[in-house]
Every structure is written in C-alpha cells, then in structure tokens.
Amino acid sequence: MKKLFGAKVQKMIGLDIGTRFIKAVIIEKSGEQYNLLAYACEPILGDAFAEREIKDFEAVSHALKKVKLALKSKYKSVAIAVSGSTVLNKIVYMDPGQTDYELESQIELEAESLIPYPLNEVYIDFEERSDNLTTNNKVEVLLSAVHKELVDRRITLLGEVDYEAKIVDVESYALGAAVASFYPSEKHETVCCINIGASHLQMCVVRDREVIYTKDHNFGMDALIQDLTMLYSQERSQIEQQLTDDTLPETWKQDAYPMFLANLQQNINRALQVYISASGEARPSSLLICGGGGHLTSLPKDLTADLGIEVMCFNPFADMVITDNVNQGDFEQISGQLIIAAGLASRSFKPWHI
C-alpha cells in the first residue's frame, strides 16, 4: 500500500464498467453548482462477465473504445469501481490520533486476521470514517480489500485506450457518494437508496453525507429482460433498447411486469429487513431507487403501494446544468443508469489517497 493522504484533487471521468454496459460521465463544479459536460453509455456485446469478472476482453475493450469516442474529451484520468464476492469491506477499530502511515502499519500487522485471503493476492486500502470516538475510545476505520486480478484486468483495459485509473472505488460506496453529493438532504437525515442493476440490488444508507451501510443482493433487471426475450422471441439487446425507448408492445405490462414487480418488492423488503436487523434502525419512511429500473415510469408508485413507504426515483443530474453539447432527449432516457458513474465522477471534488 502506498498511502500518503493529501488534498489531491483533479478532474476525473467517472467510468462505470458494468456487466451489460459501460457508462461514463464528466462533471465540473463551479462554486456550489455542478455541470454535466459529457456522458456516454455503450452496450457490451455478449456475456462478457461471469460473477463480475471479465471473461471476454475483446467485447469490453470494444465498448470502452466507443465510450471514449462518445465523450470526445481530453481527460485521461478516470475513477472506476469494483464489486462482487471477492470485494471485502470491514469496519475495524483503531486508536485515535494516528497518521495514515501509522494506521497503515497497524493494519498491515493485523491484516492476516482481518482478511480471509492471502495478502499477496489482494490490494488493501483504508479510510478513517469520522473523528467521533466509540464507547471504547476507538475510531472507526473502513478497511477494503479486493483481489488484485479484479483490479488489474480493468487497469489493462484502460491502458488500451490511454486512460489511467486514479481511483479504484467500491460500487456500493460510489452509489453512496452520488447520494451524498447530489441528493439534497437535511442534517442528520437518513437516506436509503437502492440501485437496481442488471443482476444485483445495491443498497446504501447515507447520513450526514457519510455512507453508514451497504450491501448487495442478488436480483436485478435481468429477471425482467429474460422474461421479455422469451415472451417476444427477440434478442436481449433488442428488448433492452425497446424497454429504454418505451416501444415494447403494451401487453408486456400485463404479461411480464406484474411478476417482476412482485419479485422486486420481495427482494427490496428483504434488503430493508437485513439493514434493520444489522443496524437496529427503524424501517425507513422513504426510499430512493435508481439504475436500470429508473425508466419504468410507474415503478415508484407501484412500489410505494406494495412496500407501504414512499418510493422516489433518484436523479443525481436534476439540479445540474446540462451543457449544450449533451443531447437532452437521449440523456433523459438513460440518466437513471448513470448513478455509479456520477458517484465516481464526484471523487474529482474530494481529497483521496495517492
């Protein structure tokens, strides 16, 4: 680990390498105003991933090259994120008042008991969560570890298009960064958000602009897409495009949507219950949703009725100035899928380890 903490801030492309799409945004900040300079969203053809690991480099590389062309940007620094079963996040408790170097030394000494992988196979990073002491006069430190292969494969791909990864984040914390940066919340307000991805529901809880809880659950838009491909005997890419464009036959809302809605509601309820059990918090009175389900216009209303809590779509770009070179119509169709990319781009405006 090479960790000297300083106020290192530079503009970066937020690059979300998903299992079905690569998404990217470039955001500029002027005072308190955020401006969206550019975005891109390109499909990855075929089944290029298995359990979040890249298996088809050519397909991912092809999509990445198209993203770079679409952005038309001179910026080469990017922030990316990883997720999956080999990504470990753990809260550990350390003595207060230590420098980053001292924390690093202490974590390295205790890492073998903290991380269930051989240390030569993982990258490790850490961040002190706050200055508040626990009842044992310790500070909370977030420890993250990830298999090197998961990161190195992405670094190799970025190098092919002359990009350089300045930050490798964890997807659930990138989601939290988007909520903390772009959702207007009151002091001490607890904000729960669920990102509906292709194969996972990513839940994060933010309070006072700090991520206090994250967890991934196995369910996503793939369930609906697979039903629709069978129902209409079409390719996955065709169904995804028609779903985005709202050009599917109206019968899909009777034939496929109710089952998807019921399963989604069940999985969200399960995610909320796990959070309540782990945190001891009360059931939230409201919930933000984003991701692939963001363009299903009736989803917030339907989930509100089924869950018994207010469900709202989270749009991190709602209060941003959208520059003239961004196609507004196309952008509105897919903006809900750019949440992780937006959270990654927000790291441009915060200090980070180097």
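Reply: The part selected is strand β4 (residues 33-43), in which 9 of the 11 residues are buried, so the strand is largely enclosed by the rest of the structure. Buried here means under 20% relative accessible area, with exposed being over 50% and partly exposed in between, for a 1.4 Å probe and protein chains only. Strands are DSSP runs of E with at least two residues, helices are runs of H or I with at least four residues, and both are numbered from the N terminus.

The model is predicted: local features need pLDDT of at least 70, side-chain atom pairs count only at pLDDT 80 or more, and totals for chains, interfaces and linings use all residues. Residues are numbered from 1 along each chain as its sequence is written, and side-chain values use heavy atoms, with hydrogens and water left out.

Two strands are taken to pair if DSSP finds at least two bridges between them. Strands of a sheet pair through backbone hydrogen bonds, either parallel or antiparallel. On one side, β4 pairs with strand β3 (residues 21-30) in the antiparallel sense, over 10 bridges. Within this pairing, F21 has P43 of β4 as its bridge partner. The hairpin of β3 and β4 has 2 residues between the strands, and G31 takes a positive phi near 65 degrees there. β4 is also joined to strand β17 (residues 321-322), by 2 bridges and in the parallel sense. In that pairing, N35 is partnered by V321 of β17.

These pairings belong to an open sheet of 6 strands with mixed pairing, in the order β11-β7-β2-β3-β4-β17. β11 (164-170) and β17 stand at the edges with a single partner strand each, so one side of each is left without a neighbour in the sheet. Further into the order, strand β2 (residues 13-17) runs antiparallel to β3 and is joined to it by 4 bridges. One of the residue pairs involved is I17 with its bridge partner I22 in β3.

Helices also pack on this sheet. Helix α1 (residues 57-71) touches β2, β3 and β4, and its direction makes about 145 degrees with that of β4. Contact means heavy atoms within 4.5 Å; axes are lines fitted to C-alpha atoms, for helices over the stretch in contact, and angles run from 0 to 180 degrees between N-to-C directions. Helix α3 (residues 148-160) packs on the sheet as well, touching β2, β7 (77-82) and β11, with its direction at about 150 degrees to that of β7.
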